[in-house]
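Please look over the sequence and the model before reading on.

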Amino acid sequence: MSTDVTAKSPAPAPPGGSGPAAGKGLLQVMLDGLRRNMRQYGMLIALGLIVVLFAVWTDGDLLLPRNVSNLVLQNSYILVLAIGMMLVIIAGHIDLSVGSLTAFVGAFAAVLTVQHGVSWPIALVLCLLVGAAAGSVQGYLIAYLGIPSFIVTLAGMLLFRGLTEILLEGQTLGPFPEGLQKLGNGFLPETGPDTNYHNLTLLLGLVLIAAVVWQEVRDRRRQQEFALEVLPTRLFLLKLTALVAAILVLTLLLASYKGAPIVLIILGALVVGYGYVMRNAVFGRHIYAIGGNLPAAKLSGVKDKKVTFLVFLNMGVLAALAGLVVAARLNAASPKAGVNFELEAIASSFIGGASMSGGVGTVLGAIIGGLVLGVLNNGMNLLSVGTDWQQVIKGLALLVAVGFDVWNKRKSGS
Amino acid sequence: MAGPVLEMRSIVKTFPGVKALSDVTLTVRQGEVHAICGENGAGKSTLMKVLSGVHPYGSYEGDVLFESEVCQFKDIRASEQHGIVIIHQELALVPYLSIAENLFLGNEHARRGLINWNETLRHATELLRRVGLDEHPETRVADIGVGKQQLVEIAKALSKQVKLLILDEPTAALNDEDSGKLLDLILELKKQGITSIIISHKLNEIRRVADSVTIIRDGRSIETLDVKAPETTEERIIAGMVGRDLDHRFPERTPHHPEEGAAPALEIRGWTVHHPIDQQRKVVDDVSLQVRRGEIVGIAGLMGAGRTELAMSVFGRTYGRYAGGTVLKDGREIRTKSVAEAVGHGIAYVTEDRKHYGLNLIDTINRNISLTALNKVARRGIVDEHEERKVSEGFRRTMNIKAPTVFEPVGKLSGGNQQKVVLSKWIFAGPDVLILDEPTRGIDVGAKYEIYTVIDQLAAQGKAVVFISSELPELLGMCDRIYTMAAGRLTGEVPRAEATQEVLMRHMTKDTQDQEVTR
């Protein structure tokens, strides 16, 4: 009768699924991994498909060095916005004001440099501060006064658009000093011997490859140290090869034209930095926590108001940066700049796997989402599809991407 | 004896990677109340989802026969058309619509899309009378208590010409009084010829209303017992559920004798809190209590006695409006104005509502456990993922959280395992004082025992534990001392030696006119 109760330990946690390494085929392991990370890989594969399709349709024009360079320049500001927007959406909010804010900051930069002759580095800092100020006002209203973000930023959208027109008196203002122009369409400087390639870009590419390989290997070793399960060696090598090849191709493409655009370097730093913060920093965790379940996060001692405030402040700074890049690229501040940018950034985030209810998404996802839209844009331009149809197709792309997500989630059990 | 109204034969249901039901056979006779019990994750809810068409025909193996006909339900609507209605644990009512609107939601009395309000109200009044709910049908659902909402759900089922009513843990969120009424109603409906299936963890309820009970364990139906037979004792049912005899429902505890002189780990003095909206109302009224290290102190009270409100307002003022009182930790007064401050002073509050206030269901076990004390696995604001993983793997093993890895989303776990994650999370925070609010609500006997063991260990490590519970037997089994509350006030303090259910119940119903004694 009285079996020893302490020893009962109902069916010790099953070692089931104790690692894909357990004697399964390589293909099986890959498929399993794919299924588990459908959200991430799904969009990556979709992006790959779109690139291949357009490359074929445009007879390879899409992948010409000059066009790749262009693609980066054209989409950089949306990608910058998408990073910030991803954070906002993960936190369970939305920001409709960023398009107008980019225009406003561009106008402010033009007024400073063109009308008042302020030197460009100072203007740059001032512009970022203005973005931070705008972001923190909105953030304060949302986080501390509890006004819904949709309302606050909708107001911001109207307000900053109006202020832009007031600031520019309805005119287009330019040109910008050369230093600022570089932000929009500058490239890394040319140095070293003549190799038919852009030397600094090549060097940077190689450094990047070395860094990625080192990082991956170190990570794997640490995981083994902690006796955690790792990818089987062959699959790991395959992944590493794919990564290296991707970087190499991009490097060669860019190096055979004018080199890496400056904005790409900035963007790269942002992706790495924000990706790291969202994955590894306490702050990033707190953003996921408040978006995933706000009451639970509060009761866990997360300072939800502060986190929300900072997320919007950050969005303001990134919007200012995007505004500078746009203005620099057009070499003029226009009252009509940045129209619909907020929607493109929001679409990028959702294509990249964000959830309407918050708590889900990655920085890399936002970038992939942004690139899907960017490649569609660029490819359709090359095929001279009119802007009317471009809008239709981009709308459908958003629907398909999110629809796939929803379908995939439902399939894997409610 | 009437013949079977429902037969489920050799039901097998597999999800990717998991066999939820491996062989379940269930026979329910016409007009009986049939209980289903089993540990969490045993497959009760899955079985009911198969029956009600949530898992459509074709997604499982085996046959479902209702009124001797093979059922091929493709969704809930199809099963409802046959008169099978399921009432889920989480009520499916729209809070801002009226009772009447909720009753006929999706099934409106309407012609050409226009609602006939007179007919709606007439029918609603009739249904409410049948379930004994004395509320006007135009009352908003948000304005009535959970107990009454449960009755609205049943009225809704009646409106669908229910023949077989399935109730999934109907009393989990109810107090004793409301539970009693609900059970009476089930018996009343039985007289009217409605067959019921009731899933419940509460064995005394099963004994009260059920005619037979089917026990499910690990996805298999183990046995069906006749509840009215004398040999079917609670112990007998529990033995079937856990697959072993159970002499001890609680771990052996040596009662704690606090050293005189040492300041209590937590002391609350004159704590008063007003209702967040109705600010005239004192929800907690001048409560003073203390807990020493190594002690488990219970707080008993009926629904609305102010236990959760007391705990939450002390824990970072997360409930109501503070109106006076002090908190002392180890004899020194502390500020607990925010959760961060409370946690900083070594206080943890484990919520009664883990899904809404305890866990981020879409996130992993790993990240849920580390959230409150992220800084312990982080350096300069950067989380060490390997360290974090090691910590949570440790908890998965020691707490026996049933999941293949710590990267499983918490939302996919069963209630008992979710509760273990919440507990792990707060143990990881390393508190001196743990306030546990209904830590075993809605979880099965086996997991309960595991949680009791953990609580016992915490006390043995010298932590002060406050144990809030509506289940008197577990307070009696676990606590060194038990405070009782009623209508926001402390009404008694009973040492372990003197505590019985009767004594506690007497204190819990003291001084309050509007609460009637239910036992």
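Chain B has a secondary structure made up of 17 helices and 25 strands. Its radius of gyration is 24 Å, close to the 24 Å that the globule rule gives for 519 residues, so chain B is as compact as a globular protein of that length. Along the principal axes, the C-alpha atoms of chain B fill a box of roughly 70 × 50 × 50 Å. Of its 519 residues, 50% count as buried. Among the contacts in chain B with a separation of 6 or more, 67% join residues 24 or more positions apart.

The model is a predicted one, and its confidence should be kept in mind. Chain A averages a pLDDT of 86, and 89% of the residues of chain A score at least 70. Over residues 1–23 of chain A, however, pLDDT stays under 50; for this stretch the model has 24 contacts beyond four places in sequence. Where pLDDT is low, the predicted coordinates should not be read in detail.

**Domains**

| Chain | Domain 1 | Domain 2 | Source of the row |
|---|---|---|---|
| Chain A | 38–186 + 261–411 | 188–260 | domain assignment of chain A |
| Chain B | 4–242 | 285–508 | domain assignment of chain B |

In chain A, the C-alpha centres of domain 1 and domain 2 lie 26 Å apart. The contact between these domains of chain A takes 8 residues from domain 1 and 7 residues from domain 2. On the domain 1 side, helix H3 (65–90) and helix H10 (262–280) of chain A each supply at least two residues. H3(A) gives the most to that side, with 4 residues. By class, the residues on the domain 1 side of this contact in chain A divide into 6 nonpolar, 1 polar and 1 charged.

In chain B, the C-alpha centres of domain 1 and domain 2 lie 31 Å apart. Here 11 residues of domain 1 of chain B are in contact with 14 residues of domain 2 of chain B. Helix H8 (residues 234–242) of chain B gives the most to the side of domain 1 that touches domain 2, with 3 residues. That side of domain 1 of chain B has 4 nonpolar, 4 polar and 3 charged residues.

**The nonpolar core**

The largest nonpolar core has 255 residues. The residues with the most contacts inside this core are Leu81(A), Ala109(A), Leu324(A), Ile455(B), Val465(B) and Phe467(B). Helix H13 (residues 304–330) of chain A gives the most to the core, with 18 residues. Ile455(B) can be followed in more detail. Leaving aside neighbours within four places in sequence, Ile455(B) is in contact with Ile296(B), Leu436(B), Val465(B), Phe467(B) and Met478(B). Two of these partners, Val465(B) and Phe467(B), are also named among the residues with the most contacts inside the core.

**A residue in a strand**

Leu65(B) has its place in strand S4 (residues 61–66) of chain B. Why does Leu65(B) count as partly exposed? Leu65(B) has 15 C-beta neighbours inside 10 Å, and a residue is called buried at 20 or more and exposed at 12 or fewer, so Leu65(B) falls in between. Not counting residues up to four places away in sequence, Leu65(B) touches Glu7(B), Val70(B) and Cys71(B). The C-alpha atoms of Leu65(B) and Val5(B) are separated by 8.0 Å, although these residues are 60 residues apart along the chain.

Notes:
Residues are numbered from 1 along each chain as its sequence is written. Chains are lettered from A and ligands numbered from 1 in the order in which they are written. This is a predicted model: local features need pLDDT of at least 70, side-chain atom pairs count only at pLDDT 80 or more; totals for chains, interfaces and linings use all residues. Domain bounds come from an automatic or database domain assignment. Two residues are in contact if their C-beta atoms, placed from the backbone, lie within 7 Å. Ala, Val, Leu, Ile, Met, Phe, Trp, Tyr, Cys and Pro count as nonpolar, Asp, Glu, Lys and Arg as charged, and the others, Gly among them, as polar. A nonpolar core is a set of buried Ala, Val, Leu, Ile, Met, Phe, Trp, Tyr and Cys residues joined through C-beta atoms within 7 Å. The radius of gyration is taken over C-alpha atoms; the globule rule is 2.2 Å times the number of residues to the power 0.38. pLDDT is the predictor's confidence in each residue, from 0 to 100.
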